[in-house]
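Q: I am new to this structure and would like to learn how to read it. Please take me through it one feature at a time.

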Amino acid sequence: MRNWFRLGSTLVAGALAIASFPALAQNYPTRAITLMVPFAAGGPTDTIARIVSDHMARTLGQTIVIENMLGAGGTTASTRAMRASPDGYTIIMGHMGTHAASVALYPNLAYKPDVDFEPIGLAAGTPILILARKDFPADDLKSFSAYVKANVAKMNQAHAGVGSVSHVTGLLLDSLLEVKPTLVPFQGTAPAMNALIAGQVDFMTDQIVNAVPQIQGKTIKVYAIGTPQRNPALPDVPTSEEAGLPGFQASAWNALFAPKNTPKPVIDRLSAALSQALDDAATRKRLLDLGSDIPDGNRRGPAALANLVKSEMAKWTPIIKGAGSGK
Ligand code: MLT
């Protein structure tokens, strides 16, 4: 009897909660929003999250609290975000790793990026750079490649965890150079960058947003960018094609997601706030100065992001399988 009563009251409570969604969605947001960042503070994903959420908070009239949750190449935070209440008060800045490439690297991944999340919108594209410590004995990509091949046994390559952008684009570079250096994981490319600056690791591939200040400060070396065109923030950095490694085509992206079944009016409100941020002159300048690629109109919004997730899952899975998981 007591169990039936308990079940009954749970069902009623659930029905009441769902019934309140329209009202909830109408007044959303009425309190602070948590934006989960799956990597260490100061890295590219954290930087993009802080830049866009600054403006979004003003549009939404509520504080957006950044919560850095680390682990497993970003899949720990993504799993937590998937399981969060679908009410719009917990969202996550995912990326090409957490919401595409990880599928090929974690056979028991707890979530399906194209099923278990509501896409909100793309925040920024982030071309990938090939970077090395400042005293690395090579001045261009050709001599860098030759030195790595000749000394691979003592080469340490940094990344931000299995399935992260720096990991899978690092695998792409290694497969093109046909080398297997020692892979050194960190909880994000902010700490990985500190190790590179200190000369504790030899090289890594990373999102431009994290590297521009270090390249301008000459604290690290850069050999190429993985895009067909040079980047206005780093006009002297050759493309991988110009530098002689045309196969290294690599660009990442960072985007906002909410738990599955977050009401559409809430998603639309968040998506509109993100789009307004990307149209704001000061926000654009901060993103462009760091080399980001700001999505234009038809690359914005939930539907465009849903398509991107599917196409990126299809693109990176064979690359990763071809390169070997490199764990
Ligand atoms: C970070 O913010 O640290 C990066 O996005 C990690 C990565 O995926 O390489």
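Helix α2 and helix α10

A: Begin with a contact between two helices: Ile 48, Ile 51, Val 52, Asp 54 and His 55 in α2 meet Thr 283, Arg 286 and Leu 287 in α10. Contact means heavy atoms within 4.5 Å. Helices (H or I, at least four residues) and strands (E, at least two) are DSSP runs, numbered from the N terminus. The model is a predicted one, where local features need pLDDT of at least 70, side-chain atom pairs count only at pLDDT 80 or more, and totals for chains, interfaces and linings use all residues. Residues are numbered from 1 along each chain as its sequence is written, and side-chain values use heavy atoms, with hydrogens and water left out.

Q: How do the residues of the contact of α2 with α10 divide into nonpolar, polar and charged?
A: Ala, Val, Leu, Ile, Met, Phe, Trp, Tyr, Cys and Pro count as nonpolar, Asp, Glu, Lys and Arg as charged, and the others, Gly among them, as polar. In the contact of α2 with α10, four residues are nonpolar, two are polar and two are charged.

Q: At what angle do α2 and α10 pack, and how far apart are their axes?
A: Two packed helices are described by the angle between their axes and the distance between the axes. Axes are lines fitted to C-alpha atoms, for helices over the stretch in contact, and angles run from 0 to 180 degrees between N-to-C directions. Helix α2 (residues 44-60) packs with helix α10 (residues 281-289) at an angle of about 175°, and the axes are 10 Å apart. Angles under 35 degrees count as roughly parallel, over 145 as roughly antiparallel, 65 to 115 as roughly perpendicular and the rest as oblique. The two helices α2 and α10 are therefore roughly antiparallel to each other.

Q: At what angle do α6 and α11 pack?
A: The angle between α6 and helix α11 (residues 301-323) is about 55°, with their axes 9 Å apart. That makes α6 oblique to α11. The residues of their contact divide into seven nonpolar, two polar and no charged. On the α6 side, Val 168, Thr 169, Leu 171, Leu 172 and Ser 175 take part, and they meet Trp 316, Ile 319, Ile 320 and Ala 323 in α11.

Q: In which hand of crossing does α6 pass α11?
A: A crossing is left-handed if the near helix is turned anticlockwise from the far one by less than a right angle, and right-handed if clockwise. The crossing in which α6 passes α11 is left-handed.

Q: Is Thr 169 buried or exposed?
A: Buried means under 20% relative accessible area, exposed over 50%, partly exposed in between (1.4 Å probe, protein chains only). Thr 169, in helix α6, has a relative accessible area of 0% and is buried. Leaving aside residues up to four places away in sequence, Thr 169 touches Met 96, Ile 128, Thr 205, Phe 248, Ala 250 and Trp 316. A polar atom of its side chain lies 2.6 Å from the backbone oxygen of Val 165.

Q: With which side chain does the side chain of Ser 166 make a polar contact?
A: A polar contact is a pair of N or O atoms within 3.5 Å; within protein, one must be able to donate a hydrogen and the other to accept it, and residues adjacent in sequence count only if both atoms are side-chain atoms. The partner of the Ser 166 side chain is the side chain of Ser 164, at 3.3 Å. Ser 166 lies in helix α6 (residues 165-177) and counts as buried, at 3% relative accessibility.

Q: Where is Pro 181 found?
A: Pro 181 is in the loop between α6 and β6 (182-185). With a relative accessible area of 10%, Pro 181 is buried. Its C-alpha atom and that of Lys 154, 27 residues apart along the chain, are separated by 7.4 Å.

Q: Which peptide bond is cis?
A: The bond from Tyr 28 to Pro 29 is cis, with omega near -5°. Pro 29 belongs to the loop between α1 (2-27) and β1 (33-37).

Q: What phi does Lys 218 have?
A: Lys 218 has a positive phi of about 55°, although it is not a glycine. Lys 218 sits in the loop between α8 (208-216) and β8 (220-225) and counts as exposed, at 65% relative accessibility.
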